[in-house]
Amino acid sequence: MIRIDSVTKRYPDGTVAVDRLSLEIPDRSITVLVGPSGCGKTTTLRMINRMVEPSEGTILIDGVDSRQQPVNTLRRSMGYVIQNAGLFQHRTILDNIATVPRMLGWGKDKSRARARELMERVGLDGTLAKRYPYQLSGGQQQRVGVARALAADPPVLLMDEPFSAVDPVVRKGLQDELLRIQGELGKTIVFVTHDIDEAVKLGTMVAVMRTGGRLAQFAPPAELLSRPADAFVEDFLGADRGIRRLSFFPSTGLQPLTTPIVTVDATAEQIAAAGAASAPYLLVTDADGKPLGWSEPQNLTAGEITADRLLPYGRPFVAATDSLRAALDCAVLSPTGWAVAVDASGRATGVVSQQSIGEAIRGAHAEIAADEARDADAEPDEGDKVHKVAP
Ligand SMILES: Nc1ncnc2c1ncn2[C@@H]1O[C@H](COP(=O)(O)OP(=O)(O)OP(=O)(O)O)[C@@H](O)[C@H]1O
Ligand SMILES: [Mg+2]
């Protein structure tokens, strides 16, 4: 574990970049440092690998003062990724990734084999190996940066706004990729961003810093959204934190109705029965159970149902796997106000009204309130009560 213990950084010109910061960075998880420009995020990250030396306080790595380790040993145990990847422009992609293993004396073939393995790991096509950085897109370069940092298999990865120079779609892809890699490799990652959405999505723990290098709050994202420590954190989280908090509520509590579902080849009796049981709208699926669209039962004629005459169903959510936020989004996007639940293979498993999603949200709130009351009675800070689910 990395422990930052009352660390201050005063630059020679007198600027206090970090002010008595204390943080316990848990192993094998992603800790995000977030805050406005100039609040000391980069300085903090660089103090961890001693590219910047603290003025006061100590940083302990697995209980040992980082100053007691030779700086080279320390840096070798920490991969470092920066914005725009910082690649060597005159080296091929493969040789960029192989840089650290080569420095460690691994030999050319072994280093390149390792580099190829890492290209695959970060989702880069092997055909890019012989290209130079300028021949790659921003997102691809960023992946190379991650692969290079992982090359010597360091237990720690320090990442300073690695995805901020790419467009939102590529950025989302890189974030998903990082979560996948983290799931597979279990690195201890310290990730700097000024984007609170990125922090909430990636962080197991999130440290919100304020100007002057002081810690405003250190908490799991769900707790940050539900209980911001003060007005600064609340302001930093933005206006729609209630909706975003729903990302942490699983949709397992919802009970999708199956009665309003008919297949495209339904008989007149089946349509009538479904309509009687569940008006006002029926969901029509293909023969395989995949959703096609909505219709009022009186507009459905057996044997004459075609997809182009149905109302669109929006975007379905995966029952139980997706969050209540995803379910609510589906319901809001659906012209009927009902969300379509599907299984992992895309077959409709039921439909859910906005009203029942509202009830599930109220239920989740009540459950959390009960948990918090129990926590207050027992040990404080026992940990996060809600689990992260797909947003
Ligand atoms: N070498 C330096 N000498 C003097 N002051 C510095 C130096 N490096 C950084 N600072 C100052 O320290 C403060 C924190 O800088 P730092 O780069 O850590 O912020 P940051 O949170 O990473 O900001 P950003 O989001 O813009 O990257 C700023 O006021 C900055 O001007
Ligand atoms: Mg910075």
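Student: Are α13 and α14 roughly parallel or antiparallel to each other?

Tutor: Roughly antiparallel (angles over 145 degrees). This is a predicted model: local features need pLDDT of at least 70, side-chain atom pairs need 80 or more, and totals for chains, interfaces and linings use all residues. Residues are numbered from 1 along each chain, chains are lettered from A and ligands numbered from 1 in written order, and side-chain values use heavy atoms, without hydrogens and water.

Student: At what angle do the axes of α13 and α14 cross?

Tutor: Roughly 155°, and the axes come within 10 Å. Axes are lines fitted to C-alpha atoms over the stretch in contact, with angles from 0 to 180 degrees between N-to-C directions. Helix α13 covers residues 324-333 and α14 covers 354-377. Helices are DSSP runs of H or I, at least four residues; strands are E, at least two.

Student: Which residues in α13 meet α14?

Tutor: Leu 324, Ala 327, Leu 328, Ala 331 and Val 332. In α14 they meet Gln 354, Ile 357, Ala 360 and Ile 361. Contact means heavy atoms within 4.5 Å.

Student: What does the side chain of Arg 50 reach?

Tutor: The backbone oxygen of Gln 69, at 3.0 Å. Arg 50 also has a positive phi of about 65°, though it is not a glycine.

Student: Where does Ala 320 lie?

Tutor: In the loop between β14 (317-318) and α13. Ala 320 has a positive phi of about 75°.

Note on methods: Angles under 35 degrees count as roughly parallel, over 145 as roughly antiparallel, 65 to 115 as roughly perpendicular and the rest as oblique. A polar contact is a pair of N or O atoms within 3.5 Å; within protein, one must be able to donate a hydrogen and the other to accept it, and residues adjacent in sequence count only if both atoms are side-chain atoms.
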